[in-house]
Amino acid sequence: MQSQQEKWVSQGAVDITSNVNESYSVPSSGGFFSRMLKKCELESSDESRKSNEDLDPVPPSKRTWSTYNYVMYWISDNFSPSGFRNAASLMEVGLSWKLALVCITIAQFIVALVIVVNGVVGSTYHINFSIQSRAPFGYYLSYLMIFIRMIVGVFWYGIQAYTGGECARSIIYAIWPSFRNVKNHLPASANIDTQMMVSYFVYFVLIFPLHFIPVHKLKWLFTVKSITTPIVGFAIMGWVIARTNHTGQLFNSETTIHGSKLGWAFMSGLYSNIGTWATLGVNAPDFTRYAKSNRSAYITAFVLPATGCLITFFGVVSAAGTNILYGEILWDPLLLIDNWTSRGGRAAAFFCAFFFLVSQIGVNIAANSLSSANDLNCMFPKYINIRRGQIIVAVLGSWALTPWNILTSAPAFLNFMSGYSIWLGPIAGILVSDYFLVHKQKYHVWELYNKNGIYSYNKYKSNWRAFLAFLIGFVPLLPGFIPTVNSSVTASVGVVHLYDLGYFYGFGAPCFSYYILCLIWPAKETMLDVAVYPDDDLIGIENAGTIDGYQPNDSYESPDDDYIKKE
């Protein structure tokens, strides 16, 4: 049977090998390292296009995600232990719980719009972010953007894995209360005790096999998670209200800052909450490429802010109750349920912790593992597919980075990770500008796989217009960003305020400056009269829109991946 790539070439999709004169294959003879690399080569890899099955456009038989699946996906992403803590930092700086809810809802609505808009590329051309980035940035420059996105994904994987370990610890506490008395045998310099290390290992063992499940078959996990975790949230909030009979001083708290200070505190909180989701704004095509139709993922614009507001409300009520019950505010729901030590309480704690664990596994796979694996897949397509990429990310993020050291001894690093959106915002702005404003939604999908094709732009295979717009987007924000990671550096009020507007400037300025640069100095070779979609040549015609009323943005079903050329 012909491979997918051979079918595309034989059906005249595009002469994708005519300009490729180099190969990076490993000789069959040679040393041990060369022979090992040869064995690691993927059967589906295509040397001429530097691609493989996972990097190619998703075929119709694997486009299995409907609107329902995206609803479940975003519910599962928002309902997690970290969602309970959304309002904590905002209320600590003086915002009331009502303003905190408004701030978080607006932030998630803005991010949802970016995800929907940027995700159109994935649902139309069925390519991931790594391939999409070649259109505006060029073949080589795109690797810098891919690397930037990959780094943040690997680090957040490790940080979220630590939270997963906390879930596992709460489960063990509920099953074996004596585990609380296990003595620590690790030195203080390890920044982690024996109980947490055991729990962390249990979490890793549980999540690791799920990396072997293909993405288009993983939607069941998000469905289970989206049903169970909201039930847990309602249960915890209901228990707190029943035990306290009122919501306490925290729930009745008012805003303690006013005037311009309140306005800038609100904007700072808005930026911080947008930054938490900035990665998904960039890598939206990584999951919209599996959509049955272009409209399947539009529901994101409603579901994401609605669920974000709801889970934050759960957190506010629960935290208010803990202040009355235990004399301290517990924003972390895992710390709350660890206090349920009666026989019935431990049973409830087990189920809550278990479903939080499922939630954390889903978040880490969807938001961090998958995106970073796609990046590694693009960087090393001959050896790494999505499955292998996820395994590498899991090992690096969970063990090589030792996230317990990051969380314990490097608060400045966490500020750095939160402020990482000063780079992600410009990338998202340029991607959106290139697709909608510059190229009018018309890409030649196969040229994106051609190193010497129309998207190479010049001999350096980089688009200087995109690079200049990228600099315009993040350089002015650096003076405000540096003091957040280095307390010895100070910045003026104006500089800090510009940083508080970070995502609005970081997304907007590159978006419009890139468009203007392309108007003045257009790359004419990339401007198409008619878009070329992956299904055009799979179906065997020049324009898929001419067959049986099928349009590229419509859902197209096929019993398998074997496409027959129309005679």
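**Ser51 and its surroundings**

Mentor: Start with Ser51. Leaving aside neighbours within four places in sequence, Ser51 is in contact with Ser44, Ser45, Asp46, Asp56, Pro381 and Tyr449. Contact means heavy atoms within 4.5 Å.

Trainee: Before we go on, what are the ground rules here?
Mentor: This is a predicted model: local features need pLDDT of at least 70, side-chain atom pairs count only at pLDDT 80 or more, and totals for chains, interfaces and linings use all residues. Residues are numbered from 1 along each chain as its sequence is written, and side-chain values use heavy atoms, with hydrogens and water left out.

Trainee: Where does Ser51 lie?
Mentor: In the loop between helix 2 (32-40) and helix 3 (67-78). Helices are DSSP runs of H or I, at least four residues, numbered from the N terminus.

Trainee: Is Ser51 buried or exposed?
Mentor: Buried, because its relative accessibility is 0%. The cut-offs are under 20% relative accessible area for buried, over 50% for exposed, and partly exposed in between (1.4 Å probe, protein chains only).

Trainee: Which side chain does the Ser51 side chain make a polar contact with?
Mentor: That of Asp56, at 2.7 Å. A polar contact is a pair of N or O atoms within 3.5 Å; within protein, one must be able to donate a hydrogen and the other to accept it, and residues adjacent in sequence count only if both atoms are side-chain atoms.

Trainee: Switching to charges. How many salt bridges does the structure hold?
Mentor: 10. Each is a side-chain nitrogen of Lys or Arg within 4 Å of a carboxyl oxygen of Asp or Glu.

Trainee: What does Arg49 pair with?
Mentor: Asp56, with the closest N and O atoms 3.0 Å apart. Both residues are buried. Arg49 also forms a salt bridge with Asp46, at 3.3 Å between the closest N and O atoms. Asp46 is buried too.

Trainee: And Arg85, what is its partner?
Mentor: Asp332, the closest N and O atoms being 3.3 Å apart. That pair links distant parts of the chain, 247 residues apart. Arg85 is partly exposed because its relative accessible area is 28%. Asp332, at 11%, is buried.

Trainee: Last topic, confidence. What does the chain average?
Mentor: A pLDDT of 85, with 86% of the residues scoring at least 70. pLDDT is the predictor's confidence in each residue, from 0 to 100.

Trainee: Where does pLDDT stay under 50?
Mentor: Residues 1-27 are one such stretch. Over residues 539-567 the pLDDT is below 50 as well.

Conventions
Helix = DSSP H or I, 4+ residues; strand = E, 2+ residues; numbered from the N terminus.
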